[in-house]
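Me: Hi! Could you walk me through this structure? I'm new to this, so please start with any term I'll need.

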Amino acid sequence: MTTGRLVLAATPMGDIGDASQRLREGLATADVVAAEDTRRTKSLAKALGVEISGRVVSFYDHVETARIPMLLDEITGGRTVLLVTDAGMPSVSDPGYRMVAACVERDLPVTCLPGPSAVTTALALSALPVERFCFDGFPPRKSGQRREWMRTLTTESRACVFFEAPHRLADCLADAVEILGPDRRAAVCRELTKTYEEVVRGTLAELAEWAVEGARGEITVVLAGAEPVAADPSDLVDAVEALTAAGARLKDACAEVAAVHAVSRRELYDAVLTARRTS
């Protein structure tokens, strides 16, 4: 049975002090280090005072697929492959998930050295309710496609965190104002953990105005979830009638539908009676 494995390792987003002891040990002992940027990984190891003893190979977007068979052979042969990206956690808008999937398909061991993540750091700093959230990577680059993506967030009740390129941030926020409304709250997190870290919080209108001046560095945006919109009882009449047609009593059907949609049971009951009188 193979003793090899794939190890995903989170790397610092900026502050070298965020590197874990397990990352140091992984860099020092792995048989193969698959790196998004080999130069940055070697610089990281040097800054950490670690000597990489294994072979270092590139593993960025354009070579990811081609590298996988070779790395699988290494793991099958009993060797440890450490996968690192430039900053943060592999697979999170960075190379990695295809390699993980390939290992899982072949029943090869995969583990992770947890650590820095721009997603969770931005969520914590946003000052927004983030008990439930979704992550959407990078928005589409073209305005039309980006606006279509934003329309899917119109009624999204979870907070949404995404990355954006600094030169597209102003246009992205301007589209958000138009599609999602000027009063939706958000936070723009810039250069997290780095010297010029900045978090700008406010409404989308305020953030769009701020972004016009231009923003530099790596950007993570946290968008507040949409406020729940109470359903109109008249729009739920058909749902009640479907239950009564299936044999439910009117009052029971109204109670069930009202509970699901958080509307008044009495108002829904009256709406059903009104609809029956006018039909």
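Reply: Happy to! This is a predicted model. One term to begin with: a residue is called buried when its relative accessible area is under 20%.

Me: OK, then is Glu 74 buried or exposed?

Reply: Glu 74 is buried, because its relative accessible area is 13% and the cut-off is under 20%. Glu 74 sits in helix 3, residues 64-76.

Me: What does Glu 74 touch?

Reply: Setting aside residues up to four places away in sequence, Glu 74 touches Val 32, Arg 55, Arg 79 and Val 81. With Arg 55 there is a side-chain to side-chain polar contact of 2.5 Å.

Me: New topic: how many residues are in the largest nonpolar core?

Reply: That core has 23 residues. Cys 160, Leu 169 and Leu 223 are among those with the most contacts inside it. Helix 7 gives the most to this core, six residues. There is also a second, separate core of 17 residues, including Ala 34 and Ile 68.

Me: And which residues is Cys 160 in contact with?

Reply: Leaving out neighbours within four places in sequence, the list includes Cys 134, Trp 149, Leu 153 and Val 222.

Me: Last one: at what angle do helix 9 and helix 11 cross?

Reply: Their axes cross at roughly 85° and come within 10 Å, so helix 9 is roughly perpendicular to helix 11. Helix 9 brings Val 237, Val 240, Glu 241 and Thr 244 to the contact, while helix 11 contributes residues including Leu 268 and Arg 276.

Me: What classes of residue make up that contact?

Reply: The contact has six nonpolar, one polar and two charged residues.

Conventions. Residues are numbered from 1 along each chain as its sequence is written. This is a predicted model: local features need pLDDT of at least 70, side-chain atom pairs count only at pLDDT 80 or more; totals for chains, interfaces and linings use all residues. Side-chain values use heavy atoms; hydrogens and water are left out. A nonpolar core is a set of buried Ala, Val, Leu, Ile, Met, Phe, Trp, Tyr and Cys residues joined through side-chain atoms within 4.5 Å. Buried means under 20% relative accessible area, exposed over 50%, partly exposed in between (1.4 Å probe, protein chains only). Helices (H or I, at least four residues) and strands (E, at least two) are DSSP runs, numbered from the N terminus. Contact means heavy atoms within 4.5 Å. Axes are lines fitted to C-alpha atoms, for helices over the stretch in contact, and angles run from 0 to 180 degrees between N-to-C directions. Angles under 35 degrees count as roughly parallel, over 145 as roughly antiparallel, 65 to 115 as roughly perpendicular and the rest as oblique. Ala, Val, Leu, Ile, Met, Phe, Trp, Tyr, Cys and Pro count as nonpolar, Asp, Glu, Lys and Arg as charged, and the others, Gly among them, as polar. A polar contact is a pair of N or O atoms within 3.5 Å; within protein, one must be able to donate a hydrogen and the other to accept it, and residues adjacent in sequence count only if both atoms are side-chain atoms.
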